[in-house]
Amino acid sequence: MANQTAERVFALVEPAVKALGLTLWDVRFLKEGASWYLRVYIDKEGGVGIDDCTAVSHAIDPILDEADPIAQSYYLEVCSPGLCRELTRPAHYAAMVGRPVCLRLYQAENGCKEWRGTLLSFSDAAITLQMPAETKSFDRSSVAAVRLDDADF
């Protein structure tokens, strides 16, 4: 349910975000404790500031009020995906080929759950990293998360 809600909100608000000259990175609808949060992640070249977040919040609030895609009450948060952003959509992977990533597995492989390397390729079936000693492909179903690994930024 939460994923369907996030996808519906993504489709609803993306045109308004684009109209502001920003990119809609992702939408998450999550329950934390007793409260629900709708997090809208935005991006732009050079980074996102508080004024960008405020502008998007003001632009999408009436859209969400009119469409009313969420039955329960929630908190709306508009924010940057951050330097170590999670890659969740095919467009994210395509934009980040050649960049350093940290891949986390659901279950350890060879005693390791986290693998770091340069993102070489991706498909519905696999994600391939170039690491210092080897090129390694990971079955997509075994991957819990992939984030940019710009820790040295």
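How many bridges join strand β2 to β3? In this predicted model, five bridges join strand β2, which spans residues 35-43, to β3, and the two strands run parallel. Within this pairing, R39 stands opposite E77 in β3.

The pairing of β2 with β3 belongs to an open sheet of three strands, arranged in the order β1-β2-β3, with mixed pairing. Strands β1 and β3 stand at the edges and have a single partner strand each, so one side of each is left without a neighbour in the sheet. From one strand to the next, the twist averages 20°. In contrast to the parallel run of β2 and β3, β1 and β2 pair in the antiparallel sense, over nine bridges. Here F29 stands opposite L38 in β2. As a general point on such elements, the side chains of a regular strand alternate between the two faces of the sheet.

Residue F29 also takes part in an aromatic contact. The structure holds five aromatic pairs. A pair of this kind is described by the distance of the ring centres and the angle of the planes. For F29 and Y74, the centres are 6.4 Å apart and the planes lie at 85°, so the pair is edge-to-face; the angle is over 60 degrees, the cut-off for that class. The pair links distant parts of the chain, since F29 lies in strand β1 (residues 23-32) and Y74 in the loop between α2 (50-67) and β3 (75-79), 45 residues apart. With a relative accessible area of 3%, F29 is buried, because the limit for that term is under 20%. Y74, at 24% relative accessibility, counts as partly exposed.

R39, the residue opposite E77, lies over the face of Y37, at 4.9 Å from the ring centre. In a second case, the charged end of R85 sits over the ring of W25, at 4.8 Å from the centre of that ring.

D68 counts as exposed, at 54% relative accessibility, because exposed means over 50%. The other residue, N110, is found in the loop between β4 (100-109) and β5 (112-122). Although N110 is not a glycine, it has a positive phi of about 55°. N110 is likewise exposed, with a relative accessible area of 70%.

The confidence of the prediction bears on how these features are read. Where pLDDT is low, the predicted coordinates should not be read in detail. The protein chain averages a pLDDT of 93, and 97% of the residues score at least 70. Confidence is highest in strand β6 (residues 126-130), at 97, and lowest in helix α3 (residues 90-96), at a mean of 92.

Terms used
Residues are numbered from 1 along each chain as its sequence is written. This is a predicted model: local features need pLDDT of at least 70, side-chain atom pairs count only at pLDDT 80 or more; totals for chains, interfaces and linings use all residues. Side-chain values use heavy atoms; hydrogens and water are left out. Rings of Phe, Tyr and Trp (its six-membered ring) pair if their centres lie within 6.5 Å; planes under 30 degrees apart count as stacked, over 60 as edge-to-face and the rest as tilted. Helices (H or I, at least four residues) and strands (E, at least two) are DSSP runs, numbered from the N terminus. Buried means under 20% relative accessible area, exposed over 50%, partly exposed in between (1.4 Å probe, protein chains only). A charge sits over a ring if NZ of Lys or CZ of Arg is within 6 Å of the ring centre and within 35 degrees of the ring normal. pLDDT is the predictor's confidence in each residue, from 0 to 100. Two strands pair if DSSP finds at least two bridges between them. Axes are lines fitted to C-alpha atoms, for helices over the stretch in contact, and angles run from 0 to 180 degrees between N-to-C directions.
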